[in-house]
Each structure stands twice: as C-alpha cells, then as structure tokens.
Amino acid sequence: MLQISIYGGSGYAGGELLRILLGHPQVTIKEVTSRAYAGRFIHAAHPNLRQVSELKFIHPDELTECDVLFVALPNKVSMTLMPELKKKAQKIIDLGADFRLRDPAQFEDWYHTKHALPSMMSEFVYGIAELHRSAIQKASYIACGGCEATVSILSLYPLVKHGLIQNNIIIDAKMGSSQAGLSPTLSSHHPERSGVVRSYMPTGHRHTAEILQELSSHLLLDPSDKPQDDKPLDIAISATAIDMVRGILVTIHTTPREGLTEKDVWKAYRTEYGAEPFIRIVKERTGIYRYPEPKLLQGTNYCDIGFEMDTRSNRLVVIGAIDNLVKGTAGQAVQAMNIMCGFTETTGLEFIGLHPI
Ligand SMILES: NC(=O)c1ccc[n+]([C@@H]2O[C@H](COP(=O)([O-])OP(=O)(O)OC[C@H]3O[C@@H](n4cnc5c(N)ncnc54)[C@H](OP(=O)(O)O)[C@@H]3O)[C@@H](O)[C@H]2O)c1
C-alpha cells in the first residue's frame, strides 16, 4: 500500500481527493492538513465523508514523510513551500497553478507576481494524461491543469494536432461556483450568486496561458494560416458564472480548414481518443442529451466532447464538459498518480455518474 498525504485537505479540491482516495484500493491516506480544522475529523469539513473514515486533520507543521504528497493550496502558496514539501515526498502532485507554466515570464505576466521558485518550474510535468502519459510515467512532480484549461485543451487538442482548424479560437466558458474554492466573497454570497448568468471575465482569463503552452507544442494548424513565431496561437476566453455548483461547459468557436468534413473531425477525435478511458464523444441526432452536459458528469472523471459544423457561417463549433472538481482537478490528479505509480489508470475513478440528477 502506498502512503499518501494531502496538504490543504479542507478545501473543495482536497475534499474531492479524500472522497476518491478513500475508495482507492492501492493507497492509504496517512495525513491531511488544515490549519482551521487541525485536530478535527475530516467529516467536519466534508460531511459526505461521515463514518467513512476516522482520519483527523493535522496542522501543516506536523506533516511527516509519505510516498506521494498531493498539494491543494490556493495559487501562489505552493511555490513558497515547495522546497520544504520536497523533503516530505519523492513524488508530488500539485493541483494549483504555480508549476503549470514552464516559462517564469509567462507566470509573471498572467499572475502579476514573480515566481518564487523559477528553477523548479521545468521539473513539473503538466498533468493531463491524454497529452503527457509517457512523461507522467517517469515524472516525480506533476502540475495538474486548471479546470477551464483542462476541458478546453482536451476539446481542441485533436483539431490542433491534425491541422483541422485555423488560427482563431474563441472559448465561451460557463462555470459553476465551486471552481472558486471555499472562501466566501461578496460575489459568492447567496443573494448575489443565486440565479446569475454573470460575465465575470470576458477577457484576460489566466488559463489562456496554459492552453497556449499545451496546444502550441502540438501545433499543426491549417498550413495556409501559419501562426507568427511570437504568437503561436490566437485564443480568447470569455468566462461566465452560472447557477451551478459543479461543472464547466465550454462552447468553442473555430474556423475550419478549407474543405473540412465532419468525417475528418470524427477521424481526428477517434484517432486521439478512441482508446482513452475518460473521453467520450457525445454527438447524437436525437434526444435531449445530444451534446455534452456537465450535469451528467457530476462526480465523474469523464470529459465529454461534441461538435457541429456550420457551413453557413463557416464554423466548427466544439462543446466540452467536465466536473471541475474531478477531471478538472482531483480526478485528474489521481489519474496521474495511477500512471506515475504503475497502477491501472482508472483505479478509484470508476464512478459513472447519476441520472436523473
Ligand atoms: N475548485 C476547483 O474547481 C479547482 C479546479 C482546478 C484546480 N483547483 C486548484 O486547486 C487548489 C485548491 O483549490 P480549492 O478550490 O480546493 O481551494 P480552497 O477550497 O480555498 O482550499 C484551499 C486549502 O488550502 C489550505 N490553505 C490555504 N492557505 C494555506 C496556507 N497558507 N498554508 C497552508 N494551507 C493553506 C486551506 O485550509 P486551511 O486554511 O484550513 O489551512 C484549504 O484546505 C487551487 O490552487 C486551485 O487553483 C481548484
């Protein structure tokens, strides 16, 4: 049995890690930290875990060594602690943003702060298994993708890799409230949040940086639309907060390569994802669930992807959905751990979702 610990276990991502890992047959959870809940049972923060485990939170200062350490801290915290955390475990999986980008200048540009440990950024492998499986296998340090970035990257990767679209991509993202974590703000206060369709980041979403980084390395756009060297991809995100707790839906507008057919698109998705356990292409002719729907993915590690060609406006519209707390973070982290530790990749992630829900 592998001994794992969670640094920052009282938050939403930490709670989801606990839910998944408590049911994982090849690991035991050694320690879980929280400053606010130190000494209390984990169900004090995560009531769904009542009577599932006798585990109690410890203060971060009490953390001892383990085999794999999951880090689920707010952005810009783990980069200050990483030298100490490296002494606790040989394998670290960070769910935050601090080690996702390889270029310190990009981090500074998007996060408006100098990286505290730029020399370590290149030691982390980006955690999306579908793109980096063999690197994850050999890695010691993983940086899981951001939730919005994960669903966008997975939706676009086959199209970019197979050169099916031109260099102008617009991502319209609808986000549930849990993606903001557990600290309340005025905008998350119930009277202000309930019922909203709030355009909160029409431009400038930070996840643009990791989407650019990941897709640029697989770039094979339509050759007639060669990108500039200094700006390899043209991607814009507009994010809207909607009245949903878990889930993200992205609707992505792209311009297809000249002469592109639906068959070409199917072929690219099947080639890249035909053997992927957690990617499903959802494109039905009839029914009410013809395209990806985050509601059906709650608690699952699936990423559902659909598409539609619009010949009138010359667009290929791609639709992607995930549960931000599972494939968007904790599930992605466990999938990476399974690969890194030589377990069957789907272990602990078999939940298939609920209907109706
Ligand atoms: N929520 C999502 O959908 C989502 C999706 C993708 C990625 N992520 C990433 O996952 C990470 C965690 O997100 P979250 O939503 O779980 O956040 P959260 O709900 O705010 O939880 C943060 C956790 O970190 C602990 N913590 C905060 N500051 C700390 C400090 N200075 N030292 C030690 N512990 C500290 C908190 O516990 P105490 O204050 O009690 O110590 C808590 O356990 C973030 O980096 C986020 O970007 C989240």
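This is a predicted model: local features need pLDDT of at least 70, side-chain atom pairs count only at pLDDT 80 or more; totals for chains, interfaces and linings use all residues.
View 1. Residues are numbered from 1 along each chain as its sequence is written. Helix α5 covers residues 147-161 and helix α7 residues 207-216; they pack at an angle of about 30°, with their axes 10 Å apart. Axes are lines fitted to C-alpha atoms, for helices over the stretch in contact, and angles run from 0 to 180 degrees between N-to-C directions. Helices (H or I, at least four residues) and strands (E, at least two) are DSSP runs, numbered from the N terminus. On the α5 side the contact is made by Glu-148, Ala-149, Ser-152, Ile-153, Leu-156, Tyr-157 and Val-160, and on the α7 side by His-207, Glu-210, Ile-211, Glu-214 and Leu-215 (contact: C-beta atoms, placed from the backbone, within 7 Å). These residues divide into seven nonpolar, two polar and three charged. Ala, Val, Leu, Ile, Met, Phe, Trp, Tyr, Cys and Pro count as nonpolar, Asp, Glu, Lys and Arg as charged, and the others, Gly among them, as polar.

**View 2. Helix α5 also packs with helix α8 (residues 262-273).** The angle between α5 and α8 is about 110°, and their axes are 9 Å apart. That makes α5 roughly perpendicular to α8. Tyr-157, Pro-158, Leu-159 and Lys-161 of α5 meet Ala-268, Tyr-269, Thr-271, Glu-272 and Tyr-273 of α8. By class, the contact of α5 with α8 has six nonpolar, one polar and two charged residues.

**View 3. The shell around the ligand holds 31 residues.** The closest are Gly-8, Gly-11, Ala-13, Gly-96 and Gly-181 (a residue is near a molecule if its C-beta atom, placed from the backbone, lies within 6 Å of it). Two or more residues of the shell come from each of α1 (12-22) and α9 (326-340). With three residues, α1 gives the most. The shell divides into 14 nonpolar, 16 polar and one charged residues.

**View 4. Helices α1 and α9 pack at an angle of about 45°, with their axes 9 Å apart.** This angle makes α1 oblique to α9. Their crossing is right-handed. From α1, Ala-13, Glu-16, Leu-17, Ile-20 and Leu-21 meet Val-326, Thr-329, Ala-330, Gly-331, Ala-333 and Val-334 in α9. Eight nonpolar, two polar and one charged residues make up the contact of α1 with α9.

**View 5. Backbone details are shown at Lys-76 and at the His-355 to Pro-356 peptide bond.** Most residues other than glycine have a negative phi, and most peptide bonds are trans. Lys-76, not a glycine, has a positive phi of about 75°. Lys-76 lies in the loop between β4 (68-71) and α2 (78-85). The peptide bond from His-355 to Pro-356 is cis, with omega near 0°. Pro-356 is found in the segment after α9.

Key: Two residues are in contact if their C-beta atoms, placed from the backbone, lie within 7 Å. Angles under 35 degrees count as roughly parallel, over 145 as roughly antiparallel, 65 to 115 as roughly perpendicular and the rest as oblique. A crossing is left-handed if the near helix is turned anticlockwise from the far one by less than a right angle, and right-handed if clockwise.
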